[in-house]
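Hi,

Here is the structure I promised to pass on. Have a look at it first, and then read my notes below.

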Amino acid sequence: MPYLISPVVPAGTLARTAQPALPTGDGLLLRPWQPQDAPAVYAAFQDPLMHQWHIRAADSEEEVAGWITQWVSGWKEETEAQWAVVDADTGELRGRVALRQMLLGDGCAEVAYWTVARARGRGVAVRATTALSRWAFDEVGFHRLELSHATANEASCRVAVKAGFAAEGTKRSALLHPDGWHDMHLHARVRGD
């Protein structure tokens, strides 16, 4: 049975090109992950704050190298698009920003991010999320980007609002963390916001 509408983002839109590097214009660069990033990602995941808001831990650099391989494959498979957020001058890792759970045909994806401890409070997540959103809407053609965070994670809520993601509501008991079920705030941006 044929669809009555065309895909918002046609299959192959990402896979037929190399993943781009995206400058923020203010000292950061979003670039594809590289195998040599594993030690820095491993170090980032040793931070107790990462354990508070994320459901994953890193036990070794080898494990993280496997994550990076998956992140790179996600681009080719068009299931996710993950970038290292680095200092544009030094290349030092500042964090990660991603489009996850991409549904190209529907033109939707979920934005996710984290920052290393020494980069927090410097606008890194806001700048990276803003640059990623601009690219997703203007260059790829996504229609809707969603962003969820634990309701208790006030810093992440500030990032969402500053990056232009309107609050849409609370998903009750939506994500299991080591300390129990978390209610999650849902934010979104739609093309043209």
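**Aromatic pairs and the strands around them**

Trp-135 is buried, as its relative accessible area is 11%, and the cut-off for buried is under 20%. Please keep in mind that this is a predicted model. The partner of Trp-135 in an aromatic pair is Trp-83, which is buried too, at 0% relative accessibility. Their rings sit edge-to-face, with 5.2 Å from centre to centre and 75 degrees between the planes. Trp-83 belongs to strand E3 (residues 81-87) and Trp-135 to helix H4 (residues 124-140), so this pair links parts of the chain that are 52 residues apart.

In total, the structure holds 8 aromatic pairs. Another of them joins Trp-33 and Trp-114: the ring centres are 6.4 Å apart and the planes make an angle of 35 degrees, so this pair counts as tilted. Because Trp-33 is in the loop between strand E2 (28-32) and helix H1 (38-44) while Trp-114 is in strand E5 (residues 108-115), the pair ties together parts 81 residues apart in sequence. Both residues are buried. Ring pairs also connect Trp-33 and Trp-114 with Phe-45, Trp-67 and Trp-71 in a cluster.

Strand E5 deserves a look of its own. Of its 8 residues, 7 are buried. With strand E4 (residues 93-103), E5 pairs in the antiparallel sense over 7 bridges, and Leu-103 has Cys-108 as its bridge partner. With strand E6 (residues 144-150), E5 pairs in the parallel sense over 3 bridges. From E5 the chain crosses through H4 to E6, a right-handed β-α-β crossover.

Best wishes

Terms used:
Residues are numbered from 1 along each chain as its sequence is written. This is a predicted model: local features need pLDDT of at least 70, side-chain atom pairs count only at pLDDT 80 or more; totals for chains, interfaces and linings use all residues. Side-chain values use heavy atoms; hydrogens and water are left out. Rings of Phe, Tyr and Trp (its six-membered ring) pair if their centres lie within 6.5 Å; planes under 30 degrees apart count as stacked, over 60 as edge-to-face and the rest as tilted. Helices (H or I, at least four residues) and strands (E, at least two) are DSSP runs, numbered from the N terminus. Buried means under 20% relative accessible area, exposed over 50%, partly exposed in between (1.4 Å probe, protein chains only). Two strands pair if DSSP finds at least two bridges between them. A crossover is right-handed if, with the strands pointing away from the viewer, the path from the first strand over the helix to the second runs clockwise.
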